Amino acid sequence: MVNVEWWKKSVVYQIYPRSFYDSNSDGIGDLRGIIEKLDYLVYLGVDVLWISPFYASPGVDNGYDISDYRAIAPEFGTMADCEELLEKAHEKGLKIMLDLVVNHTSDKHPWFEESRQSLHNNKRNFYFWREGRDNAPPNNWMSLFGGGAWKQDPKTGQYYLHLFSENQPDLNWDNEEVRQEVYDMMHFWLKKGVDGFRMDMISLISKVPELPDGQLMPNGFGMPFPFVNNGPRLHEFLQEMNREVLSKYDLITVGETPGVKPQDASQYSNPDELNMIFQFDHMLLDRVDPGNAYKKPDFIRLKQALSNWQIELHNKAWNSLYWCNHDQPRSVSRFGNDSSREYRENSAKMLAVCLHMMQGTPFIYQGEELGMTNIRFDNINEVKDVEAIHTYNIAINMGVTPKDAMEVQYHKGRDNARTPMQWENTENAGFSKGTPWIKTNPNHSEINVKVQKDDANSVLNFYRRLIEIRKNYPIVTHGNYELIDPEHKELFIYRRCYGEQILLVICNFTDGQVEWEIPKAFLNMKNEPIIENGVIQRKNGLLIIGAYGSVAYLM
Ligand code: TEU
Ligand code: CA
């Protein structure tokens, strides 16, 4: 068998600490809460935990606005808790990845507070400060959270760049001092025993120096892309980071890279830069601009998007696999069907088969393994997310009714993923004995860890089997990929080949029964699938597959 890097055989589990488990009843999940639930993660069978930021932060963007990279936010615990978490996780065979958020800092970071003091402050060049143009911002860029990307600072009258909220000024990576500070900070964590990083918005760290106006959009702002992503010095920076930091440890690294195409992947994913990246093609299919109604992602394009990455990266780069994370709606509500218990459970399992049998490192987002769903907030006051509130307000200003604006949030809002983890059918889903910082999904009475542990047919036990299969069948790690019947409107069918072996995966993305005529080449496949869900029948060369069913055969 091929000797293969451990992270190619791993399954990663993402923890959003604020919503995972609250150990001290203040309503906010914390590091001790993660320690208390480590045995659950061992039971699930995952190998690596990626924990979203818990560093010191004013919390404007729930920790993605960092004011001290080497301190723990008090609501999450202490450095001692963090060290204990690392130690206990390692004892149990789990690795820990941190979130590295270095495209920007918080505006309360001491670097920025100094930087804004005067034109010649020695931290001035840590950020992008520019003169305005005729009393207007230096260019027309829009922030990725909506509104303009520049804010004028009264102290000097100049503007600073913020591609996210105005409390998240972009760091200037062209300044070598910035890079050295980041590398030092990475060593600080790695010396504590951290096993890797998920790198937030890493494709944005090199900007085209002229910061040119972007293509004008209907909202009057210009698109910062392509001037901020895959910038001129990006790979130089990542190679430097690799030389100075990453190469000195045995790590798992994944870059978050919107705007990257499969053809660019091997530049990022190689021994000189990162292990892998998060692509966004399948996340953008149901993109909604403020004021537009939601539409479901197109199925044929979904298959194409995922398949392109499988095919283009094979033997060239390594894929990451994900359906959801803390920025995305719940996958069962978005790509499956949460309208009844039967549909929900089957579509959650089917989506899992579809993704976990592909080539790459799968990422499971907390609660996905239970089939947790989107939530209906009563009104915008229940929504906590800075991006959701921004886009809601923009829609209202455009004349959209509150009802329609909330409808878009129901489908797309990031808080769908941020409601408390559902542990049991007790108050607050067993997440906290206090008042949770965000509303708990009322469906926790039905969807929770406790009931699913005891139910052999639960989504949770299904995920455990899938994780186990990855460990036992090398074809899942190594096999190549071919999309079968690309134009089929109901079924997602693909084949993996490894040596003499063939793995055939068939997923029904609809609520109806679908018949598929088994091509001759597959007629000798074993009758016993390696995994299946829903109603599956084989007769007279036909495969009959029930609503949201899925099946994987080995040959
Ligand atoms: O995400 C950036 C990003 O692409 C999303 O925030 C984007 O808004 C969303 O996909 C579209 O709705 C990273 C973090 O994951 C996110 O939580 C942070 O808010 C953001 O960067 C800024 O750090
Ligand atoms: Ca707490």
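Student: Where is Pro226 in this fold?
Tutor: In this predicted model, Pro226 sits in the loop between strand E9 (196-199) and helix H6 (234-244).

Student: What kind of peptide bond joins Phe225 and Pro226?
Tutor: A cis one, with omega at about 5°. As background, most peptide bonds are trans.

Student: OK, and where is Asn230?
Tutor: Asn230 is also in the loop between E9 and H6. Its phi is near 50°, a positive value in a residue other than glycine. Most residues other than glycine have a negative phi.

Student: How does Asn230 count: buried, partly exposed or exposed?
Tutor: Asn230 has 27% relative accessibility, so it counts as partly exposed.

Student: What about Asn540, what is its phi?
Tutor: Asn540 has a positive phi of about 50°, and it is not a glycine. You'll find Asn540 in the loop between strand E19 (536-539) and strand E20 (542-545).

Student: And is Asn540 buried or exposed?
Tutor: Exposed: the relative accessible area of Asn540 is 80%.

Student: What does Gly546 touch?
Tutor: Setting aside neighbours within four places in sequence, Gly546 is in contact with Asn508, Gly512, Gln513 and Val535.

Student: And how far apart in space are Gly546 and Glu490?
Tutor: They are 11 Å apart, C-alpha to C-alpha, and 56 residues apart in sequence.

Student: Switching to His235: which helix is it in?
Tutor: His235 is in helix H6. It is buried, with a relative accessible area of 16%.

Student: Which residues does His235 touch?
Tutor: Not counting residues up to four places away in sequence, His235 touches Gln267, Tyr268 and Glu273. As for Asp272, its C-alpha atom is separated from that of His235 by 9.4 Å, and the two are 37 residues apart along the chain.

Student: Now Asp170. Where does that one lie?
Tutor: Asp170 lies in the loop between strand E8 (159-161) and helix H5 (176-191).

Student: Why does Asp170 count as buried?
Tutor: Because its relative accessibility is 0%, and buried means under 20%.

Student: What is Asp170 in contact with?
Tutor: Leaving out neighbours within four places in sequence, its contacts are Asn103, His104, Phe126, Tyr127, Phe128, Leu161, His162, Leu163 and Lys207. Take His104: its C-alpha is 4.1 Å from that of Asp170, and the two residues are 66 apart in sequence.

Student: On to aromatics. How many aromatic pairs are there?
Tutor: The count comes to 28 aromatic pairs. One of them is Phe20 with Trp423: the ring centres are 5.1 Å apart and the planes are at 75°, so the pair is edge-to-face.

Student: Which parts of the chain does the pair of Phe20 and Trp423 tie together?
Tutor: Phe20 lies in the loop between strand E1 (12-15) and helix H1 (31-36), while Trp423 lies in the loop between helix H12 (402-412) and helix H13 (449-453), so the pair ties together parts that are 403 residues apart in sequence. Phe20 is buried, with a relative accessible area of 0%, and Trp423 counts as buried at 4% relative accessibility.

Student: What kind of aromatic pair do Phe492 and Tyr494 form?
Tutor: That pair is edge-to-face, at 5.9 Å centre to centre and 75° between the planes. Both Phe492 and Tyr494 are buried.

Student: What percentage of the residues count as buried?
Tutor: 62% of the 555 residues. Among contacts between residues at least 6 apart in sequence, 70% join residues at least 24 apart.

Student: Last one: how far apart are the mean positions of the positive and negative charges?
Tutor: They are 3 Å apart, for 58 positive and 76 negative charges.

How values were computed:
Residues numbered from 1 in each chain as written. Chains lettered and ligands numbered in written order. Predicted model: local features only at pLDDT ≥ 70, side-chain atom pairs only at ≥ 80, totals over all residues. Heavy atoms only, no water. Buried < 20%, exposed > 50% of the residue type's maximum accessible area, 1.4 Å probe, protein only. Contact = heavy atoms within 4.5 Å. Lys, Arg positive; Asp, Glu negative; His and termini not counted. Charge placed at Lys NZ, Arg CZ, Asp CG, Glu CD. Phe/Tyr/Trp six-rings, centres within 6.5 Å; stacked < 30°, edge-to-face > 60°. Helix = DSSP H or I, 4+ residues; strand = E, 2+ residues; numbered from the N terminus.
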